[in-house]
Structures are given as C-alpha cells and as structure tokens.
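Work through each task before reading its solution.

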Amino acid sequence: MKKVLFSCIAFSALLLTSCGGGTESEGGMRKGIGDVYYGGVFRMNEIEDFRDLNPLNITEVASQRITNQVYEGLVKLDQATLKVIPCLAEKVEKNEDASVWTFYLRKGVHFHDDSCFADGKGREMNAKDVKYCFDRLCASSPSNQQYYATFKDRVLGANEYFESTVKKSPLPDGVKGVKVLDDYTVQVTLNFPFAGFDNILAMPGCWVYPHEAAEKYGDEMRVRCVGTGPFRVNKIKEGDMVLLERNPNYWGTDSFGNKLPYLDGVKFTFIKEKKQEFLQFRKGELDMVYRLPTEMLDQILSEFHSAKEDNRAFVLQNEPAMSTYYYGMLNVGAPFNDIRVRQAFNYAIDREKLVKYTLKGDGIPGTYGLVPPVEAFKQKGFQFDKLKGYSLDVDKAKKLLAEAGYGPGKKPFPPITLQINSGGGDRNVLTAQVVQSMLKDNLGIEVNIDQMPFAQHLEKLETGKSLFYRSQWIADYPDPEAFLVLFYGKMVPEKLEDRSSYNTFRYKSAKFDSLFTMAMKETDEKKRFELYTLCDQVALDDAVMIPLFYDESYRLLQTNVRNFDCNAMEYRDFTKVYFVPEKKKDDKKK
C-alpha cells in the first residue's frame, strides 16, 4: 500500500503549548475546574486500515471512528445515551408534522487552521457552509459513494438536483429544500413528515467542511481533513498510524467553563492481530481494546471477575451491540437468484453452535433478522418476538435445495467461493471455517474461502463481483432504519457493476419497499417500529442474506481513563474523555 505522510506541526511542540486551561498538577497533568485533568494522548488500535476519511466516502468503522473526532455536523449523538444532541446547531426546531426543520448555528465556530485558507487561518463556519455540504451530498460524483441515499426522496429538491448534476448542469440554487435564512440559520424542508430526520443528520455525510478544502484537495480529502471538531489531523502514515492533535481553537466548553477537549491528542494504530493488540494493552501501550481475542475471552473475563474491585488491572465494559454479522448473497444471477437456494443455506447453519463453541459465547445467535435485538429497539416497539427467522433444519434445507434442482439424482451444486476480509482477529476465519463445514456436512456443498484485504473486499462486494461474502453492519444511528435501508430497492443502481454501498445484495421487493416507505413517513414512533418489524420479516422470508450473530461489545480500558462511556453503537467521542494522574487511579469513577 502506498504510504501518505504529512504533518501540521511537530507534535512535541503541541504537547508543550496546547494546555488549553488548567494549572500544573501531579504527574505533569493539568487540573481543571471540577476535578478534571488536561493532557495525554489516548492510544487505541483498529484491526482494519481506514479506507477514506472524506465524509462523503466513509463506509466502514475505522474511518468513522477517526473522523468523528475531526468533523462535526449540526447534531451529534450523546456517547452515553445515543440520543441526538445539538452540535454545530445550538438549537433545532421542527414544525408540528416534522416536515420542516430549522437549525440555529453557533456563532464563533471556526474551521481548523489549514493551508486551504488564504492566510492559513481557519475562518468562521456559517450557514452557507451547511448549504454547500448538503448540496454536495446530493450531487452525482465518484467521491460521493453512499450518502445521497440519506436525502434522496426525503429532502425537497434532492432528486432534482442529483439529476441535474448527472446531466452536468447543476441547478444554480442547489437543493431546493435546503435554504440559508441568514448567516446563522438553515432550514431544511422534507417531502413528507419524518420524525427521525435528526438521526440522519448525525451521519458522516452530513458533517460540515469548508468549500476551500474541497476545491483545493479534491480526491485528496481522503487524507486531508479540515473540520470544526475537537481534534485535527497531525500525521497520517497509512497502514501504520493516524495521530490527531488537540484543536486549540475548539468552540466547546464543559459545564464548569473548562475549554474542551481535555486530551492533547488521539492516536490510532493498525495492528491486525487481536492477540498482539491485547498484549500491547497489557504492557500499557494502548489505553483501550475493543473486542477481545476469541481464544482468550474466557481467560480475560475470569481474571477480571476473580480480582477484587480495587485491585483489577483494567476496566471491563460490556454492552449488547447495534451490530449484525452476516453473510451476504448476490440475489441476481445463479445460484442465489433462486430463493430456495438462499433459504436452504439459511436452514443449513447452526447459529447456536457457532456462537457457543466457536465464538465462546461472544455474541447472540442470528435467529432474528438484520435488526439486532437490542433493548433500545424493543422498548420503542420493534417486535422481535413476532419475527420468524432461521434455525438449523437440515431436512428442510435438503428439500429446498432439491426443489431448486440440486442434489442426488439431479445436478450437483457448483463449488461456491465465500469471500472474507483479512483482519478482524481470528473471528472471520473461524466463522468461515465453521460455515464451510456445516454447508459441506449438511448439504454436500463445497465452499472455498477467499481471504483478501479489507479495501479490496469492499470494492468487490459493492460492485457486484462477489456472490457470497462476509459482512457486518454497525448502526450509523440508533434506529432500525439504519439496518433495513440495506434492503431498500431504490438503493440498487441500474448496472451490476455500478457501486452499491448499501444494498450490496441487489435485492428488490415491491412489498418491502412499500412497507419501508410507509415507515419513513410514519410520525408515530410505535407504529413506525411495527412497520419496521414487518419489513424485517419480508427480507427474512426472501432469505436475502444469512444473519449469523449479533455482537456483544466487550471493551477494556486502562484504569486511569474517565468519561469514556460504552454504548451499543461503539460510537466514540473523545471531546470529554480525560486521564487521571497515577495516584488518582484508585478513584473508580467512570
């Protein structure tokens, strides 16, 4: 992989100059009001390389976790509760039927200092910047891979503007439904009521950046980031590390008036093996580990629970995740264009055995649909108990495959290739090997496993070149729609080779689309979630893909980390995270 390296300023100088408030205290830490501390670089690891840091191109979690510290939108999610909270917009208003949304921007918010500006100094962000970014979100462009789908059909004039850019004649006023009322007020008009629109605005495609950066850097925005967030890029060395430094001009303060953020920086490394990552954590070279090595899970949990609370070497956090691990099938073209084949594959897999013995209980068997059975969705009305999913039924699987024309006395089922990505610790390979064995033992199907780098893996499955592939979807926002949009027929491009970042199955169903559209327009949350339940059942009946398991998020933290809440999306916001000095580590506040 080609390595890209650049630096804003020497990071050592940053550590000496960007105190951001507070006075010198123990261990060199700077104490702020309210018993918080400034200083330190938070170190974490991603097991996959990032793909693209351009907000319009972010399609995987490594990129999102980096850029969520650099860019901001009108709203964002609260790290503890996942509720939508104000960000660049200090106040949000919607009309009675949630079809017109008005955003009142904070004053005095500046973009990061960057050479894209004439004097190198970040200028103030205003309503025209929001309009510019939302118009680009709805423009046809190779550098806009997926997020147009969030405004398509929903925002007034989004479709018309997109078509005008396809024809190379962009409408001069951009998206009709996005209006600048004054320097600090933006109004968005929808085609129909949609109470969950603010969830959409928390996604990366809706983040705000300056036109100067887009015009100067173009495709290089994948590594040249200019936002308003609490951290800015200091150094990127692809495949090795990303170093973010504290934004000394950040607009945010805490409830005591302390300037945010507290940390001097955030560092991401890209160790591919989970065991090596865990050993780095044990040596104190990482401040957190997300997802534990499968073969060491029992040992780690036993160590934690057997130690006295005041003598534990690390903090353990655990949360059922808004994340579904599944195998996708290309629903167009043989053999998976036959619903009976897709159903047979689903019935031939023992998910309970997979989770219990292979994953050591790290997950929930995928016996529901694509939407993970988290408590937050249950409370709002998603009816998991009414879903009829798939469990092991070898006789039914064989019967379906025979009806499709395969098996004894019929034509043999052709060998099939299961495409998986490298990285992911041992979980991807172990899961693939178990499924390979089950399909062989239960249906006599030969499965070859093809492992490749993550970027290549995504490229193939998004451009229709993969018949059978490993994937995992983590919620972009806390709503079932964030999962079910993967089945929406309007996400399927006309040509197979055209990129489809959402509906990689190329699945189309008039019944699903009708229910999904009704759900989007429903303002009563309970009814909306009931409609989403029906959507998931339609996709289950059509066996669009194979849900294997739903994640359990296990996370380890060093004992001096504070304000880093665990949540079902593994959504990370370092704005208020801080370290306590060594002698304060016995204070177990989280």
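The model used here is a predicted one.

**Exercise 1.** Determine how α17 and α18 are oriented to each other, and which residues make their contact.

Solution. 
- Step 1: the axes of α17 and α18 come within 9 Å and cross at roughly 165 degrees.
- Step 2: α17 and α18 are therefore roughly antiparallel to each other.
- Step 3: the crossing in which α17 passes α18 is left-handed.
- Step 4: on the α17 side the contact is made by Lys 511, Phe 512, Leu 515, Phe 516, Met 518 and Ala 519. From α18 come Arg 528, Leu 531, Tyr 532, Leu 534, Cys 535 and Val 538.
- Step 5: sorted by class, this contact of α17 with α18 has ten nonpolar, no polar and two charged residues.

**Exercise 2.** Classify the packing of α11 against α14 and state the hand of the crossing.

Solution. 
- Step 1: helix α11 (residues 351–358) packs with α14 at an angle of about 140 degrees, and their axes are 11 Å apart.
- Step 2: that angle makes α11 oblique to α14.
- Step 3: α11 and α14 cross in a right-handed manner.
- Step 4: Lys 353, Leu 354 and Thr 358 of α11 meet Leu 430, Thr 431, Val 434 and Met 438 of α14.
- Step 5: four nonpolar, two polar and one charged residue form the contact of α11 with α14.

**Exercise 3.** How many cavities of 30 Å³ or more does a search of the whole structure find, and what lines the largest cavity?

Solution. 
- Step 1: the search finds six such cavities.
- Step 2: the largest cavity holds about 830 Å³ of space.
- Step 3: its lining has 47 residues, and the closest to its centre are Thr 59, Glu 60, Val 61, Gln 472 and Ile 474.
- Step 4: at least two lining residues come from each of α2, α8, α14, α15 and β20.
- Step 5: the lining of the largest cavity divides into 21 nonpolar, 13 polar and 13 charged residues.

**Exercise 4.** Describe the second largest cavity by volume and lining.

Solution. 
- Step 1: the volume of the second largest cavity is about 160 Å³.
- Step 2: 17 residues line the second largest cavity, and Ala 149, Thr 150, Arg 154, Val 485 and Met 491 are the closest to its centre.
- Step 3: α4 and α17 each supply at least two residues of this lining.
- Step 4: the lining of the second largest cavity has eleven nonpolar, one polar and five charged residues.

Methods
Residues numbered from 1 in each chain as written. Predicted model: local features only at pLDDT ≥ 70, side-chain atom pairs only at ≥ 80, totals over all residues. Heavy atoms only, no water. 1 Å grid on protein atoms, 1.4 Å probe; cavity = no way out; pocket = protein on both sides within 12 Å on 5 of 7 lines; lining within 4 Å. Points joined across faces, edges and corners; volume = space filled by probe spheres on them. Helix = DSSP H or I, 4+ residues; strand = E, 2+ residues; numbered from the N terminus. Nonpolar A, V, L, I, M, F, W, Y, C, P; charged D, E, K, R; others polar. Axes fitted to C-alpha atoms, helices over the stretch in contact; angles between N-to-C directions. Parallel < 35°, antiparallel > 145°, perpendicular 65-115°, else oblique. Left-handed = near helix turned anticlockwise from the far one by under 90°. Contact = heavy atoms within 4.5 Å.
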